[in-house]
Every structure is written in C-alpha cells, then in structure tokens.
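I opened the notebook to look up the disulfides. My entries follow the display.

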Amino acid sequence: MTARAFWLLCLIIGSAPEATVAERKASPTHDRKPDPGGAQSADNSPAPRLHSPGRDAETCARACRTDLDERESYCGSEFAVNGIVHDVEVLGKGIRLVTLLVDRDGLYKMNRLYSTPDGFFFRVHILALDFSSCNKPCPEFKPGSRYIVMGHIYHKRRQLPTALLRVLRGRVRPGDGLVRSNSSYVKRFNRKRDGQVQGAIHTQCI
Ligand SMILES: *[C@@H]1O[C@H](CO)[C@@H](O)[C@H](O)[C@H]1NC(C)=O
C-alpha cells in the first residue's frame, strides 16, 4: 500500500495516527507510576487500555525481573550473597530496607559490601527499590526465607534521587546493598540456583 493510500484509508476509517497519540496524552495516567520502559511502552498496542488486567501484568513483568539468569546476573553484579531474611522495614512506597543473615557459604561475591559479624552469620543491609506496579512487592523478601540476592553497592549520595534520600534519612550507608526490581536478581535459594552461581564463580566473566 502506498503512503497516499494509507492516509486515505485513515481518513475514511477516521483513526489517523495523530488522533491516537492525542488520545494517549489525554488519558489519565496520573495514578500510575512512571513507566520504566520509557518510549517503548505502549507503542505497539492499537489503543490505550489503561487498567485492563493484561496491561497491568505487562507493566508488572517489565519492572519485576523474575526472568534473570544466575550467571549473567553474577557477572553483572557488584555483590552476590545468599542469606535468610531477618527483617524487612518499609520506609515508603516501594522502598524497603532488608536485613539478611548470611553464613560463610553464602558470601559468593563481596567487593565492598559491608557486613557485620553476628554469631555464625554476617549481617548485610540491602535497600530494595520496587519500580513495578505488581500486586505483590517486587522482589519478594519473606522473613525467615533464604534468598540469593545479587545487585549493586551503594557508594555515594548521588547514586540516588534527592527525594529518595530524604525518605531514607541516612538509614542507608555506603557499603550497603542496592537492588532494583527492574534489574537485580533476587530469587528463593535452592540447590540448582546455588549450583549455577557457584559455576559462575569458577568460570570467567567476560
Ligand atoms: C529501572 O527503573 C528506574 C526507575 O524507573 C530507572 O531509572 C532505571 O534506569 C531502570 N533500570 C533498568 C535497568 O531498566
């Protein structure tokens, strides 16, 4: 179909692309979090369908990475540990401070991750940021359960937005872990996953 024919068809049907864009702009989006996918977001969908369950699931899946692979995450992370969730403190919407108890075998990769000895364990603090709009917090951190956690290390204030720093009020210190729902690996510990991480430790990351 030629471009001219396409435009004619649009005129006849009455749904020129501009109209669709204008509709999208006018749609009520204020009750949703900013889309982490940015421009890629709804471009392939024919019409805005906010609030439909399908789209919520899509937004949830995009900002809650449960599909990450152990090896790739290990290589791309500054720290990797497995530990039992000791407590979870909610500091704000989508902002949690998690204390993990990690035993010696759970210290896969430390770099400068700060840990304090506590009996048989090492205590590690992790700031978990949830950018998803899932029904359940993402990632999941259930007290008493053991997780494999891989992410980045908080070094300095400018790593985080000022508004977030205000909410944190100095509760997160340099050396604490930082996990984001849209990029960090957090999964329940099991032997298979542990084996994959151990494998990554013993092969070179490129
Ligand atoms: C995750 O989401 C935050 C906030 O929307 C964004 O700043 C960051 O770039 C995202 N990271 C990835 C890897 O998509």
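I looked up Cys 75 and Cys 205 and found that they form a disulfide, with their sulfur atoms 2.0 Å apart. I call a pair of cysteine sulfur atoms within 2.5 Å a disulfide. The torsion about this S-S bond is -75°, and the link of Cys 75 and Cys 205 is left-handed. Cys 75 sits in helix H4, while Cys 205 lies in the segment after helix H6 (191–201), 130 residues apart. Helices (H or I, at least four residues) and strands (E, at least two) are DSSP runs, numbered from the N terminus.

I noted the basis. This is a predicted model, where local features need pLDDT of at least 70, side-chain atom pairs count only at pLDDT 80 or more, and totals for chains, interfaces and linings use all residues. Residues are numbered from 1 along each chain as its sequence is written, and side-chain values use heavy atoms, with hydrogens and water left out.

Next I checked cover. Buried means under 20% relative accessible area, exposed over 50%, partly exposed in between (1.4 Å probe, protein chains only). Cys 75 is partly exposed at 26%, and Cys 205 is partly exposed at 35%.

How many disulfides does the whole structure hold? I found 3. Cys 60 is joined to Cys 134, S to S 2.0 Å. Their S-S torsion is about 100°, so this disulfide is right-handed. Cys 64 is joined to Cys 138, S to S 2.1 Å. Here the torsion is about 95°, so this disulfide is right-handed. Cys 64 is buried at 13%, and Cys 138 is buried at 4%.

Last, I numbered the bonded cysteines in sequence order and wrote down the pairing: 1-4, 2-5, 3-6.
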